[in-house]
Amino acid sequence: MTLVNWLLQGGQEILGVLLAPLLMGWVGIWRAWLQNRQAPPLTQPYRQLFKLFHKEVVIAETASPLFRVTPYLLFGCMGLTASLIPMVITDLPLAGAVDVIALVGLLSLARVFLALAAMDVGTAFGSLGARREMLVSFLAEPALLMVFFTIASLNASTSLRFMVTGFAARGFYLYPSLAFAGVAFLMVLLAENGRIPVDNPETHLELTMIHEAMILEYSGRHLALIEWANALKLLIYFSLGFALFLPFGLTDSQRGWGILGALILFLLKLTVMGAGLAVLETVSAKQRLFRVPEYLGTAFLLAVLAILLHYLLGS
Amino acid sequence: MANILNEILRHGVRSEPFSWPQADLETWQQALWQRFGRALVIRHVDAGSCNGCELEIHALNAPQYNLTGLGLHFSASPRHADLLLVTGPVSRHMEEALRRTYAALPEPRWVVAVGDCGRDGGVFGKSYACLGGVSQVIPVDVVVAGCPPTPLQLLAGIWRAVTSAKGSTLPRPE
């Protein structure tokens, strides 16, 4: 049974890595439609990755080895994180390997290296992007941790696996604290993935950039890996949200048909939420950078309220 | 919020189909277009233009011209780009910047000179302040003449560049 489990673990890893550009393509289609444009095909991100992998890499003369290593490190971090989250099956061998605090640590490891690499070349926009990214993330991270602590205290465990199975064991039950935590998580998801109230992923204006400004100096396969890792990050946040707030359909490896059903449900959730993300981005405007602390402060406040509610109401 | 969505729904998809000049298109050129053209990233450099061409390039970004649907987009960095779109007669101040931008463009790369100024300096000609055309500074693949050229002419120029002879130095797609 353990061999089957490891195979399933590998399957999830491959599924995550291959599905991530597709999710980006799906969000892109909806964004194009909402701009009254004809959308590119769903496979457009694969085309872009394919093209980038076939292009030359141009590296600035001032770049250090750190600059070359970062894309691989970033992709490695995101790939590892993708295998730690219960997307379809809850009892995978690696699901219990780390808890949510280590998970947040893995995500911030990737971010720190990207920020260092952005400052490495010494261009003005690179350091500007790195500073802004750190500003956003040091405010987003506590909010994310508070969300996790709320759910951890509901299930008396910081392990993702027990968080998910804890909810499943109790059946359908509405938690007031989870409503607050859910909104806070959504706000953090938008901020951490460079989505519209905080950052615009499609911008050409260097002065408003956050994430894009950090990767201006990358080209060829390095850029491909960074974009792929970025897509993976969005998928990771989505599956984290599904595992914690919409865990219905998640199954364990004992049931063959259950896995297929869970997979279909997972894809269905991604389809709906991907379109929802594009709609949310279309109807909201990008904030000034100095409004971001207020925005993320609100997320943190909601997360704190969630944990207070849990202790006050005991639910 | 509801107003925005209502407005979007009322207009529907506004993109119009663009028919590529298919007549002289050989198979491998088509493959080249499939590989690079359908995920083409464009970097625009203003080398002393009067902004007439910029307005047309801006118009090219409108939903009607279907740039997104064709898989083309503009980027903020030459290192992300495949194609350099240069406008203006190249003033001396922009000469070095243009050279550096070209150097930052990873191979395979294409350069499209836009407008009569980009071709030979146009009304500005060649003078003490002006180098008179993009080809004086960097190799140019395609010139899109016009003062300013229309968005469709620009799109046709981009297509001509990507399927041009210089592309044959690439590994031939099977």
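Me: Before I start, how are residues and chains labelled?
Reply: Residues are numbered from 1 along each chain as its sequence is written, and chains are lettered from A in the order in which they are written. Because the model is predicted, local features need pLDDT of at least 70 and side-chain atom pairs count only at pLDDT 80 or more, while side-chain values use heavy atoms, with hydrogens and water left out.

Me: At what angle do α1 and α9 of chain A pack?
Reply: Helix α1 (residues 2-34) and helix α9 (residues 220-245) of chain A pack at about 95°, with axes 8 Å apart, where axes are lines fitted to C-alpha atoms and angles run from 0 to 180 degrees between N-to-C directions. They are therefore roughly perpendicular, a label for angles of 65 to 115 degrees.

Me: Which residues make that contact?
Reply: Among them are A:Leu19 and A:Leu23 of α1(A), and A:Trp228 and A:Phe238 of α9(A), with contact meaning heavy atoms within 4.5 Å.

Me: Switching to chain B, what is the strand order in the sheet?
Reply: The open sheet of 5 strands runs β2-β1-β3-β4-β5 (chain B) with parallel pairing, strands being DSSP runs of E with at least two residues and helices runs of H or I with at least four; two strands pair if DSSP finds at least two bridges between them.

Me: And which strands stand at the edges?
Reply: β2 (73-74) and β5 (142-144) of chain B do, each with a single partner strand, so one side of each has no neighbour in the sheet.

Me: Where is B:Ile42's bridge partner?
Reply: The partner is B:Phe74, in β2(B).

Methods: Parallel < 35°, antiparallel > 145°, perpendicular 65-115°, else oblique.
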